[in-house]
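I opened my notebook to look up a few places in this structure. My entries follow.

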Amino acid sequence: MGLPTFQGLEIAKSGMMAYNTAMQTAAHNLANVGTRGYSRQVVRTTAHTTPVRTNKVIGSGVDILGIERQRSEYYDTKYEQVNTTYSRYDTHSYYLNEIQRKLYSVDDKTGGITNSFDLFCAQLTSLPNDAGEQARRKQITSNGSTFTRFVQETATYLKNLQDEANSEIKASVGQVNAIADKIVSVTKQINTLEAYGGNANDLRDQRTVLLDELSEYFNIKVLEEEPADGVGLNRFYVYVDGAVFIDTYDVNKLVIKESDTINNINDIDGLYEVKWQNGSSFRPYSSTLGGKLAGLFESRDGNNGAVLSGKASGQLENNADGDLVLTMEKANINDVNLLNIPATNGKITINNVSYSYKSFEVEVSDTGEFTYKFTLNNEVSAKQAQSLNNAVKAGKPVTVGERVEYKGVPYYMAQLNEFVRTFAQEFNTIHKSGYDVYGNSGMDFFNAKDVTSGENFKFIERNEKGYDASFSSEAQRQPDGTYVGSYYYMTALNICVTDDLLENENLFACNSESLPGKSENLNILKLAALKDDSSMFLHGAPDQFLQSFTADISVDCQKAFSLRDGQKDILDVVDLQRQSICGADEDEETENVLIFQRMVFNQYKVLSVMNEVLDKLINGTAV
């Protein structure tokens with residue numbers, strides 16, 4: 001069997017087509033060197049599978065298998081995972097740095113809680129030298145007001161920071177849904193083009209870029225399945241924390257709404273909660289969620305796991321208004337200064353079911369143990385009430401709020417609350433044991449203001465055993481218009497100096513005895529000694545508490561920076577490894593264009609030689 005007459009021309013033709021395609025592909029790579037997410041493309045070729053058979057097997061040219069993009073699924077997945085972790089720590093570092101900027105005093109002159117507190121205590125120390133001087137007393141009340149103002153400003157700043165995180169959660173959810181819609185759109189285009197054969201390389205690059213962006217917000221798992229029988233379109237899935245987020249052309253979007261409940265007494269109104277569109281729960285505090293969304297929720301809601309918990313007791317009761325009342329005993333918080341649950345619209349969870357309460361009362365036993373009675377809101381159905389009553393009778397664990405194992409805004413607000421309540425209570429106790437210039441008993445020096453009326457409180461004293469008195473979440477208004485209540489009502493947001501003291505500094509209780517018109521310094525010495533009272537806090541004296549507090553945020557902030565920078569280094573290394581596989585290099589692609597150009601010219605030479613041979617064979621020999 002002889003060779004086909006025009007076999008040489010066919011070989012040259014296949015070579016021309018293959019190397020021309022390779023040259024065009026190299027030029028495409030060169031043009032996209034700076035394109036974000038672009039993957040280098042290569043032409044896959046093979047020897048023609050149907051060789052010519054004579055007495056020997058002779059090759060018959062080259063076939064183009066296709067144009068493939070250079071990509072590593074391993075490094076793509078690795079990049080997404082590290083990007084998720086980096087984004088979470090980056091979010092942490094931003095909010096912790098903002099908290100530190102407000103709380104941490106860079107020197108002994110810069111304004112701040114610590115410096116204003118030291119100045120207030122210094123005035124107390126200097127006043128006994130001239131206890132009768134009105135200007136000195138004025139200075140103390142003024143500096144006390146300055147201190148409380150700094151506390152309020154700091155708490156307001158933290159509250160605004162929580163609001164910022166809350167707004168960013170809403171914006172991030174919108175961005176996530178928008179990215180998902182784009183992924184679905186690109187997937188449709190990919191399947192449409194690949195249904196007729198070939199690879200939609202550039203569209204797949206676009207989808208990879210979108211997946212990189214999506215991994216910034218939470219941990220994703222990507223899966224693409226080819227049809228089992230080879231007929232049909234590929235299925236493309238994106239999972240988020242075990243839930244299906246994208247199923248080829250369908251998106252289970254995230255839905256955001258304002259929560260009906262709050263977790264903390266200082267929380268802003270209108271905190272957003274997120275759910276999946278199909279109604280299933282979205283777990284914002286899941287340890288596997290990761291990404292910017294996890295960082296935002298942790299920064300907004302993180303309380304370092306400090307929540308009120310206890311055990312249900314007795315059975316459900318009905319109050320005079322017909323509302324259900326749930327009793328909780330064996331509580332882990334038996335100190336009003338540590339209590340930060342909301343006065344109303346709080347969330348209470350029992351037997352894995354959450355309810356909201358409208359108010360609560362605390363009864364304090366002779367041993368100082370708190371018994372909480374929560375009046376539930378009216379949305380509890382009869383069926384739920386029966387199930388709830390069974391859980392109460394069984395003594396199931398009860399939790400108020402949401403346990404978030406991270407030091408976010410609520411944690412630092414709780415620290416401020418503990419400080420101002422504890423110090424104010426100790427200071428007021430001593431101040432009220434003294435006497436003012438007129439010989440009258442002292443009043444509360446530090447106070448708080450009722451939200452609606454703006455009036456000061458009259459705080460309930462501890463009993464003779466040093467335990468807190470029973471109280472209600474709603475301050476009791478007296479016939480004379482004053483509000484009587486617990487130090488629970490005092491927070492870093494509303495602490496102040498009693499209005500009467502600011503108007504008349506002579507009400508400051510300098511004396512330890514009733515000496516109208518006279519002055520002595522014994523009560524002031526007691527007040528000044530509070531700064532060094534190491535038994536006041538677990539951290540020690542008040543100034544040690546503040547120092548520990550500011551040092552704590554500094555350490556947390558530096559840790560967040562370190563984690564963020566470490567993840568950024570890993571991310572850069574992974575991206576470099578990924579680019580070594582998929583990246584298009586300008587010099588390499590320029591060289592490839594020239595190489596393939598020469599190869600095309602070589603095929604022209606083969607074609608020219610074959611043309612001369614055939615011309616001689618046909619026209620010259622008349623065969």
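Which residues form a nonpolar patch on the surface? I found Phe6, Leu617 and Ile618 there. Together they have about 270 Å² of accessible area. I kept in mind that the model is predicted.

I looked up Leu617 next. Leu617 lies in helix α12. Its relative accessibility is 38%.

Then I turned to charge. Where is a negative surface patch? I found one formed by Asp585, Glu586, Asp587 and Glu591. I picked Asp587 from this patch. Asp587 is placed in helix α12, which covers residues 586–620. Is Asp587 buried or exposed? I wrote down exposed, because its relative accessible area is 60% and exposed means over 50%.

My last entry is on Pro284. Pro284 sits in a loop. The loop runs between β10 (272–276) and α6 (291–301). I counted Pro284 as buried, because its relative accessibility is 14% and the limit for buried is under 20%.

What does Pro284 touch, leaving aside its neighbours within four places in sequence? I listed Leu289, Ala294 and Phe297 as its contacts.

I also checked Pro284 against Glu10. These two are 274 residues apart along the chain. Their C-alpha atoms are separated by 64 Å.

Definitions and conventions
Residues are numbered from 1 along each chain as its sequence is written. This is a predicted model: local features need pLDDT of at least 70, side-chain atom pairs count only at pLDDT 80 or more; totals for chains, interfaces and linings use all residues. Side-chain values use heavy atoms; hydrogens and water are left out. Patches are made of residues with over 30% relative accessible area and no salt bridge: like charges are joined within 9 Å, nonpolar side chains (Val, Leu, Ile, Met, Phe, Trp, Tyr) within 5 Å. Accessible areas come from the Shrake-Rupley method with a 1.4 Å probe; for residues, only the protein chains shown count as cover. A salt bridge is a side-chain nitrogen of Lys or Arg within 4 Å of a carboxyl oxygen of Asp or Glu. Lys and Arg count as positive and Asp and Glu as negative; His and the chain ends are not counted. The place of a charge is taken as NZ of Lys, CZ of Arg, CG of Asp or CD of Glu. Helices (H or I, at least four residues) and strands (E, at least two) are DSSP runs, numbered from the N terminus. Buried means under 20% relative accessible area, exposed over 50%, partly exposed in between (1.4 Å probe, protein chains only). Contact means heavy atoms within 4.5 Å.
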